[in-house]
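Please open the model in a viewer and keep the selection panel at hand. The stops below begin at the ligand and then move to the aromatic rings.

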Amino acid sequence: MSGILVYSEKPQLLRELLGKARQVATEMGTDVAVAYLGESVPETAADLGNWGADTVYTVTSPLLVGLHPEPYTDALAGIVEQMKPELVLVGATKPGLEISARTAARLGVGLASFCVDFRWQDGCFTADCMIYSGVGKNSYKITTKPAIATVNAAVFTPTETGGAAQVTAVDVTINPPSMKIVEYKAKAAAGVRWEDAPMIVDVGQGMNQKEDLGLAQELADLFAGQVACSRPVSSERDWFPEWLGLSGKRIHADLCVTLGISGSIQHVVGIRDSKTIVAINIDENAGIFSQADYGVVADLHKFVPILTAALKTKSAKLA
Ligand SMILES: Cc1cc2nc3c(=O)[nH]c(=O)nc-3n(C[C@H](O)[C@H](O)[C@H](O)COP(=O)(O)OP(=O)(O)OC[C@H]3O[C@@H](n4cnc5c(N)ncnc54)[C@H](O)[C@@H]3O)c2cc1C
């Protein structure tokens, strides 16, 4: 092949990458392939043709389990060496970031991380990537063959193209890893994913104590929403297993109500795609007010119960 090779262990993200890869490959007049790496090949592998793949290259091995970065790097780098794509697109999950970085280092080729767009220009790829926590964008022209780029979820859109992909096994040597994974720990389940919630109450360090989370939950329940938080509320106070922001989850809610959030750019990156942001903060100069559609200068512990009661009265009248 001479076109675009796509890899992600996440099926939805893989379809998103294929949507964009298909569009660019059509402009280039080239083909799109998927790298499938695992213990065995699923019967549905050819169905990736419906999402834009011409070919699915498979590498199977009993060592391709648990997304261990070493054997997965052997497998991906092996396909790249044999098939010689122009571009390798990898989903920017935690394993994807590690496997892509190792593959780029092993092959001595250029890697653009967290790419939000890319194009074929003057015989090589140019990738646009977020910088400074998403407030700026850099364009990188990658002159190596291949170029490698990682892409987050929900950047591109899947497109159904119809058809079936050709499934081809590739013979690659997978070496036993030098590093042993001693334990996997499941993440604590947090109900509906924050990314899928229509409404989020976003709790910051302005909330005094864990018991006050009930105020946030009561407000969220009125909108079938979820309670989420800033990084220090998770990493320092340990109230939640994850957080919103640059290094956390990103939401696209219809409504996001922030309680005691100061508005640091690292946090705002995670909530700014919400349709409406309402900020409640005791400090009238808090930065969050410049990001919000509506702002309330108040002590959240006093204001939220009043707001929740008023909303309940209003919805009772409408019922
Ligand atoms: C590389 C890097 C990555 C980072 N990534 C993330 C990330 O992904 N997500 C993230 O959240 N942070 C991240 N951070 C941390 C970030 O910079 C901020 O420190 C953090 O977001 C602040 O959290 P906060 O708004 O909850 O707390 P604070 O900044 O302490 O703000 C608390 C706010 O509550 C208000 N307040 C106090 N009392 C009340 C009250 N009674 N009623 C109403 N309001 C009140 C205060 O006025 C203040 O504005 C990152 C930092 C770095 C360096």
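Select the ligand and the 25 residues around it, among which Ser-230, Leu-244, Ser-262, His-267 and Asn-281 come nearest; a residue counts as near if one of its heavy atoms lies within 4 Å of the molecule. The model is predicted: local features need pLDDT of at least 70 and side-chain atom pairs pLDDT 80 or more, while totals for chains, interfaces and linings use all residues. Residues are numbered from 1 along each chain as its sequence is written, and side-chain values use heavy atoms, with hydrogens and water left out.

An N or O atom in the side chain of Ser-230 is 2.6 Å from a ligand oxygen. A backbone N or O atom of Gln-205 lies 2.8 Å from an oxygen atom of the ligand, and a side-chain N or O atom of His-301 is 3.5 Å from a ligand nitrogen. Of the 990 Å² of accessible area that the ligand has on its own, the protein covers 72% (Shrake-Rupley method, 1.4 Å probe; for residues, only the protein chains shown count as cover). Colour α5 (231-235), α6 (265-271) and α7 (300-318): these elements give two or more residues to the shell around the ligand. Helices (H or I, at least four residues) and strands (E, at least two) are DSSP runs, numbered from the N terminus.

Now centre on Ser-230, in the loop between β12 (226-229) and α5. Is Ser-230 buried or exposed? Ser-230 is buried, at 8% relative accessible area (buried is under 20%, exposed over 50%, partly exposed in between; 1.4 Å probe, protein chains only). Not counting residues up to four places away in sequence, Ser-230 touches residues including Asp-202, Gln-205, Trp-243 and His-267 (contact: heavy atoms within 4.5 Å).

Trp-194 is buried at 3% relative accessible area, and Phe-240 is buried at 14%.

Finally, select Phe-118, Trp-120, Phe-125 and Phe-156, which ring pairs link into a cluster.

Terms used:
Rings of Phe, Tyr and Trp (its six-membered ring) pair if their centres lie within 6.5 Å; planes under 30 degrees apart count as stacked, over 60 as edge-to-face and the rest as tilted. A polar contact is a pair of N or O atoms within 3.5 Å; within protein, one must be able to donate a hydrogen and the other to accept it, and residues adjacent in sequence count only if both atoms are side-chain atoms.
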